[in-house]
Amino acid sequence: MPEPPPLVVSSRPRGRRPLLALAAAVAVVAAGVGAAGGWALAGSGPDATGSLPAAGGAPQTPSASPDSSPTGSPDGGPTGPSTGPEPQPVGADLAPLERRFRDSAGAVELVDVPGGTRVTITASGLPEPRRGEFYEAWLLDPATNKMLPLGTLGPDGSAVVELPAGLVSAYAAVDVSLEPDDGDPAHSVTSALRGAYAGPTRA
C-alpha cells in the first residue's frame, strides 16, 4: 500500500487550509487503497464459476445454469432418443427341389436396415457335402434366370449378408445350390432349396 505524502505545515496563520490539506491526504490514501484492491482483483481474476468474489472475500453463489436441471432436454423436449417402429422382417420358406434333398428345409428373412437390406438364410437337413463341395446362396429372378451370389452357407447351414438398398427388389427368390470347388463362379445348376419372397423390399 503506498504511504500518504507527508503533511506540509504552513507558517501561515491557522485556518481552514490545514483542514483542506488533511482532507486531500486522506483522499490520496483512500485512492491508494482502492488501487491496491483493484490490482488484487485483476491478479486473482474471476473464480471457477465465472463470478467475482463478493465483498468480504467470499465467492458469490452462481445462479443455476440452463443445463443444471436433472430432467428435460435443452429445447424442453423429452429426454432420451426417440424410438420409431421396428422394421418388420419379410420371410419366405425354402423348399427342396430334388429328391435327394427331400428331408431338407430352410427359410429366408429380409429386414430393412439403414442403407439396405439384411438377408438371413437358414437351412436344415441338408446332406453333408462331400469333400470339395459346399452350399452357396443366391438371389434369383425366375423370369430371367439372372442370379446374384450371396456367399457360402456356414457349417450350421446359415448365412447373413447386407445388400445395398434396391438390390433385393431386383430379384424375387432365394436359391441354395450345391457347388463343386472347381473355381467356376457360375451356378452349378444343382439347386437344393428355393423360395420366393415378397414384401416391402420388393419393387
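## Exercises on salt bridges

Arg 194 has a relative accessible area of 33% and is therefore partly exposed. The exercises below concern a predicted model.

**Exercise 1.** Determine which residue forms a salt bridge with Arg 194, and where the two residues lie in the chain.

*Solution.* Step 1: the partner is Asp 175, with the closest N and O atoms 2.9 Å apart. Step 2: Arg 194 belongs to strand E8 (residues 191-196) and Asp 175 to strand E7 (residues 173-180), so that the pair links distant parts of the chain, 19 residues apart. Step 3: Asp 175 has 0% relative accessibility; because buried means under 20%, Asp 175 counts as buried.

**Exercise 2.** Locate the salt bridge of Arg 118 and classify the exposure of this residue.

*Solution.* Step 1: the side chain of Arg 118 meets that of Glu 162 in a salt bridge (3.3 Å, N to O). Step 2: this pair also links distant parts of the chain, with Arg 118 in strand E3 (residues 116-124) and Glu 162 in strand E6 (residues 158-164), 44 residues apart. Step 3: Arg 118 counts as partly exposed, because its relative accessibility is 31%.

**Exercise 3.** Classify Glu 133 and Arg 130 as buried, partly exposed or exposed.

*Solution.* Step 1: the side chains of these residues, Glu 133 and Arg 130, meet in a salt bridge (3.1 Å, N to O). Step 2: Glu 133 is at 22% relative accessibility and therefore counts as partly exposed. Step 3: Arg 130 is at 59%; because exposed means over 50%, Arg 130 counts as exposed.

**Exercise 4.** State how many salt bridges the structure holds.

*Solution.* The structure holds four salt bridges, including that between Arg 194 and Asp 175.

Terms used:
Residues are numbered from 1 along each chain as its sequence is written. This is a predicted model: local features need pLDDT of at least 70, side-chain atom pairs count only at pLDDT 80 or more; totals for chains, interfaces and linings use all residues. Side-chain values use heavy atoms; hydrogens and water are left out. Helices (H or I, at least four residues) and strands (E, at least two) are DSSP runs, numbered from the N terminus. Buried means under 20% relative accessible area, exposed over 50%, partly exposed in between (1.4 Å probe, protein chains only).
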